[in-house]
Every structure is written in structure tokens, then in C-alpha cells.
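Here is a short briefing on one protein model. Please look over the sequence and the structure before reading on.

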Amino acid sequence: MPIKITSWNVEHAEKLITDHPSGAIVSRRKRVLDTLTEINPDIFCMLEGPQGEKNIDAFCSQVLQGQWTPVLLCPPGEALGLHDKDYQIKGNQWIWFLVKPELKEKCNLQPASTWQAFVGAKEWPVCLWGKETPVLHSHYRHPQVLLLNIGNGRQLELIGVHLKSKINKLPIQRDAAGNLTGEYLQTALEARVELATEARNVRQYVEAKFNQTVDPGILVMGDCNDGPGTDIFETEYLFFDLIGNIEGDVLVSEKFFNHALFDYPSNLRWSAKYQDDILNIPASKNPLLLDHILMSQPLCRGSLPYKVNEHAGLVEHEAYERHNAGANESARTSDHRPVSCRLDENLN
């Protein structure tokens, strides 16, 4: 049977957990559940999920009505929450893998400490823009790794990421010629450098897997807070494409990652809309692809029990729009649209 994977940033999902929901929360819960029911993923990578094992368990019960269940570090029979520190996620926006109950016995979650052992460190030195002395940086929301048993002694690794935000609430400053300047510019550039190094750390983990096994089946998914191509900061100041940091070097083709949306129509290839204050573009005219699913070559060329075929990826615009129809901002499911990819059984 095919496996459908969906990545979705469910905005401030912790607000949906309450024993006394308001009318807006009841409406939003239903819209989230109805959206996921229509999409019908076997594996759901959830971003901005609630903090801690107890809360994600409550979310699956109160909001998802048990249709999906979380894959946790907590061993069966042990009290929830005792292993919260092992996820190594800060703040209240966590990364969770939720799966159909019948798939759970094939799934395990890998502790964050294993990731750090493979890349050699928990944090890494970064020379921020214009600085000569490095500072140490680490993942604020540590990537989570789901291991899925696919038979024949093989497994897939699904890496869920929610990279650093680029939100900058400082006032925009410009010089007499209209060039960006001051603390706003410095903060914006530092955030993008840190964001890029988090992507490089993900790639470092991927490279380690290629040194451990033949034909690793790896998918990277989640909210990268950036997309392919370059914005004004990357064009005029930093000169890099963030997604390229994860995809790898196309000249080392066996390790290059394909994007699930590479053959998806370009006018639909976006997952969020935000206002661009620098270029003065309203949100309605600024579609952005911030949410991604990328996969290793063995999943594309058919050397594993599952294969990603042509046109397997999509942005779930239809389900999102259908179940947000008539919703005001407080009842809207999210400011992000879900992104999905289908893995078919490889019959060759």
C-alpha cells in the first residue's frame, strides 16, 4: 500500500488543548480535524505542536479524536513527560510525528542525542555577519527523526525540522540613499546566518547517514522558514539559497535531494503568504514556499521497497480552503498550508 506523508505547521496548536473550549476553539478543532481527514496522511509531521508528551497526547485525543497517535520517546507503560528533555526542543512550538494507529508498531522515534553523536556536537561555532569572533549556535527546535520499518531489513528516516524564524520586530531603518541600515539590518542578517547554519547541520546529519548505509532512504520535511531562490537579503548581502544547503551538491548526484514539489505547478507552489515590509508587498501578493518535503535519491530511482514517483508531491490547497471557508482569524486552522508526498510500493 502507498504511504502518504504530510507536513503541516498548525499555528499555535497548544491553544486547541483545553477542557473548556470557546466557540472559536471548537470551530478551529473541527476545521483542523476535517482538513486532516480529507488529506488522510499515514504519517503527519506536525510543526508548532504543543509542548511535551502530555500535551501532544491530549491534542491527539481532544482534537484528532484518536485518528492519529504520536510516536514518542516514552516507553509503553511509562508515565508521559519523563522524557521531555530528551527531545531537546526549547519553547512551546514542538515537532511531532503522528501516525495512523495501525502503523505505530512499525515506527520508532530517535533521541536527539543520537543526532548529535552523528554530527559530532550539540552546538557549533558561527561567525555572525561582519563578526570575526564566532559564537556558539544550536537548534532552538531540535530536528526529530522518525524511523519507519519498511520491510526487507530496511527503514526510512523521516527528519522533521522547524528552522529558526526570520521574524524581525525592530523598526526598519534606511540611510539617505534608501539603503537598509542599523540594528534592523544587523538582526535580519544574523537571523539568516543562524538559519542557514541550522540547515547545514541537517545536511551534516544526512552526510553521516551516507557513511553508515548503502542507499539510505531519507526524507526531510517541515517549516524551513525560507524557500528556494533568494530574497533581498540573500541577493544583496549573503549570496546563498537556504534550501540548497539541505539539498546538497548536485554534482555529487547520489547524495543530492530532490524536492517533492519540483514538478508541481509553479502557480500553486506556495504554502504561506506574508507581507514583505522591505519591498512593501502585501501578503495577498506575496506567496511563499516555506514548507518542504525533500527526499534522497534511493527513494527516487527505485532501489528501496518504496519509491517517490512523478507528481507525488502537492500543496493541499483544496483541503485547506474547503475547511477554512467562512472562518475568521481566530477559527482559521493555520497560516500555513499542508504539504504532502506519496510513496508508492516499488514493484520492480
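**An exposed leucine**

Leu251 counts as exposed, because its relative accessibility is 75%; exposed means over 50% relative accessible area, buried under 20%, and partly exposed in between (1.4 Å probe, protein chains only). This is a predicted model, in which local features need pLDDT of at least 70 and side-chain atom pairs count only at pLDDT 80 or more, while totals for chains, interfaces and linings use all residues. Residues are numbered from 1 along each chain as its sequence is written, and side-chain values use heavy atoms, with hydrogens and water left out.

**Surface**

- Leu251 sits in the loop between helix H6 (242–247) and strand E11 (258–259). Helices (H or I, at least four residues) and strands (E, at least two) are DSSP runs, numbered from the N terminus.
- Val250, Leu251 and Val252 make a nonpolar surface patch of about 300 Å². Patch residues have over 30% relative accessible area and no salt bridge; like charges are joined within 9 Å, nonpolar side chains (Val, Leu, Ile, Met, Phe, Trp, Tyr) within 5 Å. Areas come from the Shrake-Rupley method with a 1.4 Å probe, and for residues only the protein chains shown count as cover.

**Sheet**

- An open sheet of 6 strands runs in the order E5-E8-E9-E10-E14-E11, with mixed pairing. Strands E5 (107–110) and E11 are at the edges with a single partner strand each, so one side of each has no neighbour in the sheet. Two strands pair if DSSP finds at least two bridges between them.
- E8 (residues 144–151) and E9 pair antiparallel over 7 bridges. Asn149 has Gln155 in E9 as its bridge partner.
- The E8 and E9 hairpin has 2 residues between the strands, and Asn152 there takes a positive phi near 55°.
- E9 and E10 (residues 217–223) pair in the parallel sense over 7 bridges. Leu158 stands opposite Leu219 in E10.
- E10 also pairs with E14 (residues 291–295), in the antiparallel sense over 5 bridges. Here Gly222 faces His292 in E14.
- E9 (residues 154–162) is largely enclosed by the rest of the structure, because 7 of its 9 residues are buried.

**Helix H4**

- H4 (residues 182–210) has 29 residues and should span 42 Å at 1.5 Å a residue; its end C-alpha atoms are 43 Å apart, which agrees. The expected span is 1.5 Å times one less than the number of residues.
- H4 is mostly covered, with 21 of its 29 residues buried.

**Salt bridges**

- The whole structure has 16 salt bridges. Each is a side-chain nitrogen of Lys or Arg within 4 Å of a carboxyl oxygen of Asp or Glu.
- Glu157 and Lys209 form one at 2.8 Å, N to O. Glu157 lies in E9 and Lys209 in H4, so the pair ties together parts 52 residues apart in sequence. Glu157 is buried at 5% relative accessibility, and Lys209 is buried at 9%.
- Arg192 and Asp231 form another at 3.5 Å, N to O. Arg192 is buried at 8%, whereas Asp231 is partly exposed at 24%.
- Lys166, Arg192, Asp226 and Asp231 are linked in a salt-bridge network.

**Cysteines**

- The structure holds 0 disulfides; a disulfide is a pair of cysteine sulfur atoms within 2.5 Å.
- Cys45 is buried, at 0% relative accessibility.
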